[in-house]
Amino acid sequence: MTTDILMPKATAVWLVDNTSLTFDQIADFCGLHPLEVKGIADGEVARDIRGADPIANGQLSRDELDKAEKNDKYRMVAQKSRHAELLKPVKKAPRYTPVSRRQDRPDAIAWFIRNHPEVADSQVARLLGTTKATIEQVRNRQHWNSANIKPVDPVTLGLATQLELDAVVKKAAEKKAKDDARKGITEPEGPTLRPASETGVVEDEAPARADLTAADVWADQDDGDED
């Protein structure tokens, strides 16, 4: 049986030492197996665990305990402890991006696509407070504002701190290194492309440009802007 009470074994220790409840009653209340409770009573289990009073911490009422001690068939019902409420994990709220900064997110997405393609879309979405759909639109140049999107790092745009960015990039790099090692891929130590004069194959420029990625296009645009 599962239970939401705090410190079930410590609670069982206290109930064994301070009440006349049966092993089954204690096991039911604490979410333990009756044999485990018997082991606690025999000193074979939880020897070094200090008992926790469920009445003092608000998980059991005195009335419930009295009813159970008078009737070994009665099963105690735990109360919602204020301590348990305080210790519940708090779900992290979605990252908030000021309205004035939201229009800059596509630029930050483009920066990740061009400079850190190893960073997963889920990581980018979490860091920038965006969606995978928006990332895909920017990557495929299908975003409604594609003509005006230019890669700018998220720190400059105020969408993330340098520490947050470094942590995301480092985590992605480590994962990629592990994946590459698993696949037996190693970094090339020298040039891996042979010149066309050696291969005897010269391709037209137009088909080659047809294969350009979005990252290449942004790189060309940046070069053109510098000129």
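1. Contact here means heavy atoms within 4.5 Å. Helices (H or I, at least four residues) are DSSP runs, numbered from the N terminus. The model is predicted, so local features need pLDDT of at least 70 and side-chain atom pairs count only at pLDDT 80 or more, while totals for chains, interfaces and linings use all residues. Residues are numbered from 1 along each chain as its sequence is written, and side-chain values use heavy atoms, with hydrogens and water left out.

2. Helix H3 spans residues 34-41, and its buried residues (under 20% relative accessible area, 1.4 Å probe, protein chains only) are Val37, Gly39 and Ile40. Viewed down the axis of H3, these residues fall within an arc of 155 degrees, so they line one face of the helix. The arc is taken over the directions from the helix axis to the C-beta atoms. The cover over the buried residues of H3 includes helix H1 (8-18) and helix H2 (23-30). After H3 comes Gly43, with a positive phi near 80 degrees.

3. A nonpolar core is a set of buried Ala, Val, Leu, Ile, Met, Phe, Trp, Tyr and Cys residues joined through side-chain atoms within 4.5 Å. The largest such core has 21 residues, and Ile109, Phe112, Val124, Leu127 and Leu128 have the most contacts inside it. At least two residues of this core come from each of helix H7 (105-115), helix H8 (121-128), helix H9 (132-139) and helix H11 (162-183). H7 gives the most, with 6 residues.

4. Which residues does Ile109 contact, leaving aside its neighbours within four places in sequence? They are Val124, Leu128, Thr130, Thr134, Ile135 and Val138. A second, separate core of 18 residues includes Trp14, Ile26, Leu32 and Ala46.

5. Rings of Phe, Tyr and Trp (its six-membered ring) pair if their centres lie within 6.5 Å; planes under 30 degrees apart count as stacked, over 60 as edge-to-face and the rest as tilted. This rule gives 1 aromatic pair. The ring centres of Trp111 and Phe112 are 5.3 Å apart and their planes are at 85 degrees, so the pair is edge-to-face. Both partners are buried: Trp111 has a relative accessible area of 14%, and Phe112 has one of 2%.

6. Gln123 lies in helix H8. Is Gln123 buried or exposed (exposed being over 50%)? Its relative accessibility is 12%, so Gln123 counts as buried. Beyond its neighbours within four places in sequence, Gln123 is in contact with Val168, Lys171 and Ala172.
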